[in-house]
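Subject: Structure handover

Dear colleague,

Please find the sequence and the structure below, followed by some notes on what turned up in it.

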Amino acid sequence: MLAQTDTGAELVSMLNLPEDYNSNTLALLRKGDSRYIKDLKVNFKNVLNTDHLSEKETALIGLAVAVNQNNDVLANYFTKLSKEKEASEAEIADASACASLLASNNVFYRFRHFAKKEKYEQLPARIKMNIMMKPLLGKEFFELVSLAISAVNGCEQCVVSHEHSLIELGSSEERIFDAVRLSSVVVSLSKVIY
């Protein structure tokens with residue numbers, strides 16, 4: 001059991017949390033000597049280092065996903081990391097705003113997609129989205145964050161739309177893939193660290 005407890009401590013240390021930090025789920029994993037703690041630590045370490053996203057972009061996507069998950073512990077971690085990677089307060093706010101806007105859009109467009117009724121397609125959304133027109137983060141990166149949040153929230157129509165926009169804006173499939181992979185790991189981490 002000692003080896004996995006040490007791995008749990010390493011994960012806690014990676015996130016700059018107090019040494020005695022524990023969540024109910026992390027405690028269960030530690031008590032059960034779960035090998036998953038090591039997997040989670042490795043997965044997290046791996047998604048923070050990619051050839052297709054800058055360190056600042058990685059931090060801002062992580063922040064948006066943490067905000068989307070209502071996870072203050074991870075949002076604080078990624079806010080601090082974003083600042084360390086030279087993100088401005090305005091960029092941090094834009095990433096957080098993107099998570100909030102996409103939560104709304106994903107519910108709305110997922111409903112339209114599921115309902116499959118022409119009438120719902122014809123009715124105006126009437127959801128303000130001015131931030132999407134001229135995002136401080138730049139159009140391509142805002143679309144990338146939007147895609148990541150849409151993937152997390154399971155909105156097929158939004159994922160397809162944002163992926164299409166990204167390709168048109170010159171994004172690579174590898175960059176898109178890394179953003180979604182990062183998001184998936186942050187979501188899994190949010191189930192253990194909260």
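**Salt bridges**

Arg-175 and Glu-57 form a salt bridge, in which the closest N and O atoms are 2.7 Å apart; the term stands for a side-chain nitrogen of Lys or Arg within 4 Å of a carboxyl oxygen of Asp or Glu. This pair links distant parts of the chain, since Arg-175 belongs to helix H11 (residues 173-190) and Glu-57 to helix H4, 118 residues apart. Helices here are DSSP runs (H or I, at least four residues), numbered from the N terminus.

Before going further, please keep in mind that this is a predicted model, in which local features need pLDDT of at least 70 and side-chain atom pairs count only at pLDDT 80 or more, while totals for chains, interfaces and linings use all residues. Residues are numbered from 1 along each chain as its sequence is written, and side-chain values use heavy atoms, with hydrogens and water left out.

Are the two partners buried or exposed? Arg-175 counts as buried because its relative accessibility is 12%, and Glu-57 is buried too, with a relative accessible area of 17%. In these terms, buried means under 20% relative accessible area, exposed means over 50%, and partly exposed lies in between (1.4 Å probe, protein chains only).

By the rule given above, the count comes to nine salt bridges. One of them joins the side chains of Lys-85 and Glu-55, at 3.2 Å from N to O. This pair also links distant parts of the chain, with Lys-85 in the loop between helix H5 (72-84) and H6, and Glu-55 in helix H4 (residues 55-68), 30 residues apart. Lys-85 is partly exposed, at a relative accessible area of 29%, and Glu-55 is partly exposed at 45%.

Another salt bridge brings together the side chains of Asp-178 and Arg-181, at 3.7 Å from N to O. Both residues lie in helix H11, three residues apart, which is about one turn of the helix. Asp-178 is buried, with a relative accessible area of 9%, whereas Arg-181 counts as partly exposed at 32%.

**The largest pocket**

The largest pocket has a volume of about 160 Å³. A pocket is found on a 1 Å grid over the protein atoms alone, as an open set of points where a 1.4 Å probe fits, with protein on both sides within 12 Å along at least five of seven lines, and its lining residues have an atom within 4 Å of a point. The volume is the space filled by probe spheres set on the points, which are joined across faces, edges and corners.

Which helix gives the most to the lining of the largest pocket? That is H10, with five residues, and helix H6 (89-115) and helix H10 (156-168) each supply at least two. Among the lining residues are Asn-105, Tyr-109, Glu-143 and His-162.

**Two ends of the chain**

Asn-24 lies in helix H2 (residues 24-31) and counts as exposed because its relative accessibility is 61%. The C-alpha atoms of Asn-24 and Tyr-194 are separated by 9.1 Å, although these residues are 170 residues apart along the chain.

With best wishes
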